[in-house]
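Notebook open, model loaded. I wanted to go through a few local features one by one and jot down what turned up.

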Amino acid sequence: MKIYFISMLLLISGSLCSHSLYANCSSEKIKIKIVEKDSSYPIVQALIQIQNKVYVSDAKGECTIELSPTDNVMHIHSLGYKPREISSFRGKKELLVFLELEQNLLEEVVVSSSKQTAARSSVTQGLTGIELSKNLGKSLAESLEKMKGVSFIQNGATVAKPVIQGMYGNRILIINNGVRQEGQAWGDDHAPEIDMNNASSVTIIKGVDAIRYGSQALGGMIRLEPKELPYNRTEIGGNLSTSYGSNGKRYALTGYLDGSLPFAKSIAWRVQGTLLNGGDRKTAKYLLNNTGVREYDFSTALGYKKRDFSFDLFYSRYDSKTGVLYTSQRGDIDLLKERIKIGRPLEIEPFTRKIDYPYQQVIHQIFRVKSDWDINTKNQLHVQYSYQTDHRDEFHARRNNLSHIPSLSLDLSSSQLDLSWLYSPSRYLKTEVGIYTGFADNANKAGTGVVPIIPNYTQQNWGTFLIQRFLREKWSAEAGIRFDRQSSKADGFDSYGERYGGKRTFANATYHLGGAYQISRPLRFVSNLGLAWRSPHVHELYSNGLDHASGIYVVGNSQLQPERSTKWISSFIYETQPLTLSIDGYLQWVHNYIYDEPSQDYMTIVSGTYPVFKYKQVDGFFRGIDAELSFTPFSYLTYTHKASMIWANEKNTGRYLPYIPSFHWLQTLGYELSGIPLFHKVGFTLKHKYVAKQKRFDPATDLIPFTPPSYHLLGLQIEGNIDFKQKHKMTFLVEINNLLNKEYKEYTNRFRYYAHDTGRDIRMVCIWSF
């Protein structure tokens with residue numbers, strides 16, 4: 001903030017755009033042009049600081065600077081943009097500087113257009129910075145659930161996957177630090193293997209705007225971006241966050257340190273780690289035994305940046321152990337039906353942190369190397385290679401002291417190579433082309449004594465894309481096309497010793513058209529039309545076994561064909577003071593929509609009896625509305641309102657599709673106090689969440705012929721900030737969810753057959769930034 005106060009004084013004193021405030025005698029000059037990264041628009045009145053000298057960009061975003069022999073580091077600031085620090089400018093006549101848009105906070109939701117996250121014609125939301133840190137101890141799906149159009153599908157209290165406008169699972173791309181996330185997360189009982197605390201921003205892109213990354217983005221894309229490495233920074237910085245949650249007596253600790261090498265400031269580094277430990281969760285009236293969780297995560301990054309070239313390495317390891325609720329794992333047919341009828345456990349044991357059988361153990365690792373080269377002001381080259389491994393063990397209670405041997409043990413390794421070229425012939429045109437190739441190898445480990453649920457398989461992918469953007473002051477347009485080809489080979493033996501599997505090859509194109517128009521200063525319109533496709537996963541094609549965490553026996557369908565989607569999404573955004581309003585409407589047709597439904601049969605195996613679900617395909621029609629309103633009548637008072645509604649039917653018969661979220665409504669009322677001793681500010685937020693009964697429901701698609709009743713949940717949040725000198729800051733947060741300890745069930749939780757959702761939770765968070 002000191003920079004802004006100083007700059008205002010200098011501007012008032014009559015500083016001119018292209019003249020230094022402090023002249024020097026050096027004859028070396030450099031012309032700088034500062035533009036927006038995403039649109040190449042010139043940035044007016046950007047501040048360039050070199051030592052004690054300050055310059056200001058003119059109406060064209062340009063500024064001419066006289067350099068002295070000691071001028072080695074340049075700091076560039078502009079309100080609404082992320083600051084930049086540049087050291088590679090000596091000996092140059094001209095320098096083009098790109099600034100990224102700073103993300104604008106609306107409570108916990110951020111509308112963002114940061115680096116390669118989305119074009120101006122995209123509909124986006126996300127979390128960033130300190131708002132992201134406040135979600136420590138929550139899963140990725142739980143953290144994103146407060147955004148309009150986003151919910152999650154669950155398997156009990158500890159496994160959740162995000163749902164974007166009715167789409168979930170393999171229909172959502174997850175890009176983790178620039179890498180397409182590859183893992184064993186194909187079933188609803190497999191959560192994404194991601195440490196969210198490694199990211200500095202998480203952005204959701206609705207609609208088909210993932211041409212750069214390939215197929216599968218029928219529902220959208222989730223992009224996790226790390227904080228930029230601190231090149232040329234003299235001091236070590238970091239963050240340390242802790243949290244405690246009363247429900248499950250769980251605690252979490254995460255932190256990072258970063259800096260640059262003292263003897264080579266063009267080399268920067270970062271180390272980060274997370275620890276999470278929780279015991280049995282509880283509903284409003286009883287414990288959910290064996291729902292503990294352990295998580296140990298680590299990541300590190302090392303980068304080099306000099307002039308227009310950068311190169312960095314990244315490694316992360318995600319290690320989790322998750323208990324599975326006892327109730328869904330035992331019994332014969334009559335007992336299973338009785339449990340479903342009762343809808344809650346009958347035998348409750350005392351609280352424990354111990355994770356017993358059944359449980360899941362997952363270790364996911366990513367190694368990534370990338371390089372960016374700004375060849376000149378018009379050409380940029382990006383190269384990236386990544387390698388991932390994913391090891392999953394699933395255990396359940398077995399006879400003859402064999403429980404310690406996993407009933408499912410899978411090893412997945414995958415590699416990806418990306419190459420892209422960005423050409424910007426003018427501020428109005430941007431062309432990007434790229435190629436992608438990938439290979440995956442999944443193998444079942446021998447010695448489990450159980451027939452694997454899926455066969456061994458290998459998969460090869462390659463793709464190429466072209467994106468063209470047109471940018472003007474009031475409008476922008478984007479067109480993109482991508483072609484992908486996927487070949488897979490599966491080979492295994494079923495429970496009868498019969499060989500099964502086969503080769504499948506799928507190829508198709510993805511198209512995208514988008515545009516944005518600034519109707520007036522406060523009103524903006526964004527619209528996208530996209531055609532995407534997704535090949536069926538091996539799990540959907542060939543599975544024949546028990547999904548342990550879901551408690552269902554799954555049977556695949558080898559005749560499945562690729563899903564093909566046409567989606568049109570439009571958004572109106574109205575932004576004034578004190579009112580902000582955004583409304584998203586969408587229509588989506590999905591040809592060959594894949595889902596599983598109960599066959600009304602039951603399978604009895606050694607561990608118990610389970611309902612049988614089989615995969616099938618239909619043509620589906622999805623449509624919905626997401627709305628968000630923020631009203632700030634006074635600087636200390638804010639009201640927000642978010643609502644989402646989805647309709648989803650079979651196109652030909654009109655039957656309702658299963659596991660589609662019902663009407664969701666979330667409202668908050670925030671009050672902020674200032675002038676309190678010690679604290680910079682203190683905020684109080686009252687929350688109310690309403691979820692309607694899902695009446696658009698077909699009993700034939702579920703184990704029980706009815707859906708849970710509607711429910712209301714109240715919450716309270718108290719937050720305070722303390723600012724210290726020398727960039728130190730502390731944030732304290734107390735959040736109470738399900739304040740009245742309401743007993744309820746959520747339709748999209750597959751464990752609603754056996755238990756209720758979690759009860760009251762008091763979560764405390766402390767964040768120290770330095």
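This is a predicted model: local features need pLDDT of at least 70, side-chain atom pairs count only at pLDDT 80 or more; totals for chains, interfaces and linings use all residues.

**Glu 131 and its surroundings**

I started with a polar contact: the side chain of Glu 131 reaches the side chain of Lys 134 at 2.9 Å. Glu 131 sits in helix H2, residues 129–133. Is Glu 131 buried or exposed? I get a relative accessible area of 9%, so Glu 131 goes down as buried.

**Confidence check**

The mean pLDDT of the chain is 86, and 91% of the residues reach at least 70. Residues 1–26 fall below 50, although the model gives that stretch 35 contacts beyond near neighbours in sequence. Residues 103–117 are also below 50, with 54 such contacts.

**Salt bridges**

I ran a search over the whole structure and got 35 salt bridges. One of them joins the side chains of Lys 689 and Glu 145, at 2.5 Å from N to O. Lys 689 belongs to strand S40, whereas Glu 145 is in the loop between helix H3 (140–144) and strand S11 (150–154), so this pair ties together parts 544 residues apart in sequence. How accessible is Lys 689? Its relative accessible area is 19%, and the cut-off for buried is under 20%, so Lys 689 counts as buried. Glu 145 also comes out at 19% and is buried.

Next I looked up Lys 305, which forms a salt bridge with Glu 228; the closest N and O atoms are 3.5 Å apart. Here too the pair links distant parts of the chain: Lys 305 is in strand S23 (residues 293–306), and Glu 228 is in the loop between strand S17 (220–225) and strand S18 (237–245), 77 residues away. Lys 305 has a relative accessible area of 23%, so I noted it as partly exposed.

Arg 534 and Glu 540 also meet through their side chains in a salt bridge, 3.2 Å from N to O. Both of these residues are buried. I then found a network: Lys 138, Lys 146, Lys 687, Glu 735 and Arg 763 are joined by salt bridges that share partners.

**Strands around S39**

Back to the strand that holds Lys 689. S40 (residues 681–691) pairs with S39 in the antiparallel sense, over 10 bridges. Which residue of S40 is the bridge partner of Leu 666? I found Lys 689 there, the residue whose side chain meets Glu 145 in a salt bridge. S39 (residues 664–673) is also joined to strand S38 (residues 637–650), by eight bridges, again antiparallel. In that pairing, Tyr 639 stands opposite Leu 669.

**A four-stranded sheet**

I also traced an open sheet of four strands, S3-S2-S5-S6 in order, with antiparallel pairing. Its edges are S3 (53–56) and S6 (84–86), each of which pairs on one side only. Neighbouring strands here are turned against each other by 20° on average, ignoring direction. Between S2 (residues 47–50) and S3 I find four bridges, and Ile 50 has Lys 53 in S3 as its bridge partner.

**Ser 582**

Ser 582 lies in strand S36, which runs over residues 579–605. With a relative accessibility of 10%, Ser 582 is buried. What does Ser 582 contact, leaving aside neighbours within four places in sequence? My list reads Lys 148, Phe 572, Ile 573, Asp 626, Ala 627 and Glu 628.

How values were computed. Residues are numbered from 1 along each chain as its sequence is written. Side-chain values use heavy atoms; hydrogens and water are left out. Helices (H or I, at least four residues) and strands (E, at least two) are DSSP runs, numbered from the N terminus. Buried means under 20% relative accessible area, exposed over 50%, partly exposed in between (1.4 Å probe, protein chains only). Contact means heavy atoms within 4.5 Å. Two strands pair if DSSP finds at least two bridges between them. Axes are lines fitted to C-alpha atoms, for helices over the stretch in contact, and angles run from 0 to 180 degrees between N-to-C directions. pLDDT is the predictor's confidence in each residue, from 0 to 100. A polar contact is a pair of N or O atoms within 3.5 Å; within protein, one must be able to donate a hydrogen and the other to accept it, and residues adjacent in sequence count only if both atoms are side-chain atoms. A salt bridge is a side-chain nitrogen of Lys or Arg within 4 Å of a carboxyl oxygen of Asp or Glu.
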